[in-house]
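I opened the notebook to record what I looked up, one place at a time.

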Amino acid sequence: MPNKRPSASRRAENARQKAERLRAEQRRRERNRRVMIASSVSTFVVGAVALAVAFWPSGSGSGTAKAASPPASATLAPAGQLTGAPVDGIQSGAMEQLAFHIHAHLQIYVNGQQKQLPYGIGIERPYQMTTDADGNPFAEGGKAIYWLHTHDQSGIIHMEAPIQVQFTLGEFFDMWGQPLTTSQVGPAHGQLTAFVNGKTVSGDPRAIALNAHDVIQLDVGSVVPFQSYTFPAGL
């Protein structure tokens with residue numbers, strides 16, 4: 001007897017499962033690239049720790065030195081609880097949308113001390129957690145993931161949407177559930193100095209656009225010279 005052709009519903013289910021496997025493989029490859037980058041620089045970081053410790057308190061330097069990441073206790077505030085409903089019109093879905101896929105970097109200093117961004121901004125709990133090569137937490141996903149989100153505490157902001165979208169720093173802080181003004185950044189209070197790609201910017205910090213490979217630095221209180229950032233390969 002001839003083989004029966006799968007039903008239309010079964011073919012659609014097979015296509016959906018294949019698409020999910022492809023997306024999972026893409027996320028795995030991106031995570032592996034981060035692991036390879038972290039492993040390749042680990043020797044350098046160990047040798048630079050003493051210099052980095054001396055660098056953080058004063059905030060002095062040429063503006064090109066890269067200090068080691070602060071400890072997890074230096075995280076400003078955890079990600080807020082999300083419900084999957086749109087935030088500032090930014091939507092969420094069960095999986096990441098990669099038709100539009102760019103990254104920016106945000107670094108925050110409070111009176112000369114760097115503060116980490118939390119993982120899971122823009123991801124609805126419960127998180128799907130794993131770790132990187134150094135044992136740092138990494139939120140792969142959750143109940144839902146928004147077009148604007150963070151996976152880890154590196155400061156990398158992921159912008160992934162089905163269409164091209166212009167996001168702003170204010171929208172990112174709304175996704176985080178934290179305030180952003182000229183005198184307050186999250187729970188930190190003080191005069192704000194903002195840099196974008198090394199240039200000081202004035203006005204409402206919420207209006208700062210998030211473009212591909214922008215490096216944004218927010219100094220609350222004392223001013224730290226702009227610190228450059230190199231994006232990992234593949235981002």
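**Entry: asparagine 197.** I looked for asparagine 197 and found it in the loop between strand S14 (192-196) and strand S15 (199-201). This is a predicted model, and I read each entry with that in mind. I checked the backbone next. Asparagine 197 is not a glycine, yet its phi is positive, about 55°. Is asparagine 197 buried or exposed, or partly exposed? Its relative accessible area is 42%, so I wrote it down as partly exposed, because that class runs between 20% and 50%.

**Entry: aspartate 88.** I then turned to another positive phi in a residue other than glycine: aspartate 88, near 55°. Aspartate 88 sits in the loop between H1 and S1. I noted a relative accessible area of 42% for aspartate 88, which makes it partly exposed.

**Entry: glycine 80.** I stayed in the loop between helix H1 (8-58) and S1, where glycine 80 has its place. Which residues does glycine 80 contact, once neighbours within four places in sequence are left aside? I found Arg125 and Trp176. I followed the arginine 125 contact along the chain. Glycine 80 and arginine 125 are 45 residues apart in sequence, and their C-alpha atoms are separated by 9.7 Å.

**Entry: arginine 125 and proline 126.** I looked at the peptide bond between arginine 125 and proline 126. It is cis, with omega about 5°. Proline 126 belongs to the loop between S4 and strand S5 (128-131).

**Entry: the sheet.** I counted 3 strands in the order S1-S7-S4, with antiparallel pairing. Which strands are at the edges? They are strand S1 (92-93) and strand S4 (123-124), each pairing on one side only. I checked how S4 meets strand S7 (residues 144-146): the two run antiparallel and share 2 bridges. For isoleucine 123, I traced the bridge partner in S7 to isoleucine 145.

**Entry: helix H2.** I went back to the other contact of glycine 80, Trp176. Trp176 is one of the buried residues in H2. How many of the residues of helix H2 (residues 169-176) are buried? I noted 7 of 8, so the helix is mostly covered. The buried set also includes Leu169, Gly170, Glu171, Phe172, Phe173 and Met175. Last, I checked what follows H2. It is glycine 177, with a positive phi near 85°.

Terms used
Residues are numbered from 1 along each chain as its sequence is written. This is a predicted model: local features need pLDDT of at least 70, side-chain atom pairs count only at pLDDT 80 or more; totals for chains, interfaces and linings use all residues. Side-chain values use heavy atoms; hydrogens and water are left out. Two strands pair if DSSP finds at least two bridges between them. Helices (H or I, at least four residues) and strands (E, at least two) are DSSP runs, numbered from the N terminus. Buried means under 20% relative accessible area, exposed over 50%, partly exposed in between (1.4 Å probe, protein chains only). Contact means heavy atoms within 4.5 Å.
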